[in-house]
Amino acid sequence: MNPLQYPGSTLDDTDTVMIQKGKRAGEPNVITVNCPDKTGLACDICRTILDFGLYIVKGDVSTDGIWCYVVLWVVPQSSSSKRWESLKQRLLSVCPSCSVSFYLNQLSPHANASPVYLLTFCSSDRRGLLHDVTQVLSELELTIQRVKVTKTPDGRAVDLFFITDNLEMLHTQARKDETSKQLHAVLGESCGLELQLAGPKYDNLQYISSLSPSVAEELFRCKLEDNVSHAQALSSDMTKLKNASVTIDNSLSPAHTLLQISCINHKGFLYDIMRTLKDFSIQICFGRFLPVNKGQRELDLFIRQKDGKKIVDPENQDAVCSRLKVEMLHPLRVVITNRGPDTELLVANPIELSGNGRPRVFYDVTLALKTLGICIFSAEIGRQCTADHDWEVYRFLLDEDCNIDLSTMVGRNQIVDKVRRTLMGW
């Protein structure tokens, strides 16, 4: 098979993205990106790396506003994430082209969206089924956009996955056959499986059914309390996040603002910082991501506004620092509540202004529930708007036939803690 190629990349871009594998087991792999600069490029790179299940150990980034040079040291979080050629091609696809056409295309920032496909299957339900399917789709470079999962009275699972293809090859029969083959290996040959363009069915599932006002307030509030009766009460690890420090200094550089960040380390930490700065249209001119020290991650970033000026307005400084602290305190919201007679787990994360959601959330939540031995009765992914954010919301109705008593606060806190730890990489 030919090497995977992503839209917008060319296979002769050998100097744009380079990956040097570690010489010994456990040694970090070095990713180097050398390309024209754009606001938010670091965010796009970090999101891609997170999507491949990689953890950034340390890194450096520098730019003159025209050309960008990024070096990141990464290690896999699992053996299944060592898809280096696929990663290289995906990184190439987010890098601006060196050609004149790239700069002309900036006049039209919203590129044609990838077509959405509807994957439908019906199979015998079992614990961990949803995660096993999610893992197959991830390894096939298929991104889950929406999901609707239900269970029939006779114990069958009816799943609707709305997916996009990072390779944009799902219209070919060969790609469809490979997808069906991999899924049947997990679901069984007798499983009925159908793959087609989604059409208007996808538009009807853009937003989830309404949340009750009390649940919405609980899920989207800006501050979390330490009260143990709170539905997303802070564990000791989460309490440490409240010690996050964000400072701005304009005295050290005549042309740049120094942003210094210190916080307990978690998976996706760099992505959370970069997506926040991208949403503020802040340019990173030089940055150094230091290795973890006693569980703390420290960053020094020399930044400037999109107009090339320092951030000197006190209100703008406060807005940036406040948002960064919120995103470091709880980048993912986890709540467990009642939905009628059933127990519902809800997970929410902010959506970038560009419309991109956070990678691997569905993957991590289904993995945590599989580890706990909890079967998912139904699941859905949708979007919810609040006054200051658009959110991606994951809703799971949990099957009470498990080893954890879902009616007790102890049992519910155990689920919330396991899901949150998996999402945060602890």
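## Helix H7 and its buried face

Helix H7 buries Val-215, Ala-216, Glu-218, Leu-219 and Phe-220. Buried here means under 20% relative accessible area, with exposed over 50% and partly exposed in between (1.4 Å probe, protein chains only). These buried residues of H7 pack against E13, E14, E15 and E16. Helices (H or I, at least four residues) and strands (E, at least two) are DSSP runs, numbered from the N terminus.

This is a predicted model: local features need pLDDT of at least 70, side-chain atom pairs count only at pLDDT 80 or more, and totals for chains, interfaces and linings use all residues. Residues are numbered from 1 along each chain as its sequence is written, and side-chain values use heavy atoms, leaving out hydrogens and water.

## The whole protein

The protein has twelve helices and 16 strands. Of its 426 residues, 51% are buried. Take the contacts between residues at least 6 apart in sequence: 70% of them join residues at least 24 apart. A contact means heavy atoms within 4.5 Å.

## The eight-stranded sheet

Eight strands form an open sheet in the order E8-E5-E7-E6-E15-E16-E14-E13, with antiparallel pairing. Strands E8 (192-197) and E13 (333-339) stand at the edges; each has a single partner strand, so one side of each is left without a neighbour in the sheet. From one strand to the next, the twist averages 25°. Two strands pair if DSSP finds at least two bridges between them.

E13 pairs with E14 (residues 342-350) in the antiparallel sense, over seven bridges. Ile-336 stands opposite Leu-345 in E14. Helix H7 (residues 213-220) packs on the sheet and touches E13, E14, E15 (376-385) and E16 (390-398). The direction of H7 makes about 165° with that of E13. Helix H11 (residues 361-372) lies across E6 (142-151), E7 (156-165), E14, E15 and E16. H11 runs at about 25° to E16. Axes are lines fitted to C-alpha atoms, for helices over the stretch in contact, and angles run from 0 to 180 degrees between N-to-C directions.

## Helices H4 and H5

The axes of H4 (residues 129-139) and H5 (residues 173-187) come within 10 Å and cross at roughly 160°. H4 and H5 are therefore roughly antiparallel. Angles over 145 degrees count that way, while under 35 is roughly parallel, 65 to 115 roughly perpendicular and the rest oblique.

Leu-129, Asp-132, Val-133, Val-136 and Leu-137 in H4 meet Gln-182, Leu-183, Val-186 and Leu-187 in H5. By class, this contact has seven nonpolar residues, one polar and one charged. Ala, Val, Leu, Ile, Met, Phe, Trp, Tyr, Cys and Pro count as nonpolar, Asp, Glu, Lys and Arg as charged, and the others, Gly among them, as polar.

## Strands E2, E3 and E4

E2 (residues 29-36) and E4 (residues 67-76) run antiparallel, joined by eight bridges. Val-33 stands opposite Val-70 in E4. E3 (residues 54-63) also pairs with E4 in the antiparallel sense, over nine bridges. Here Tyr-55 faces Val-75 in E4. E3 and E4 form a hairpin with three residues between them, and Gly-65 in the turn has a positive phi of about 95°.
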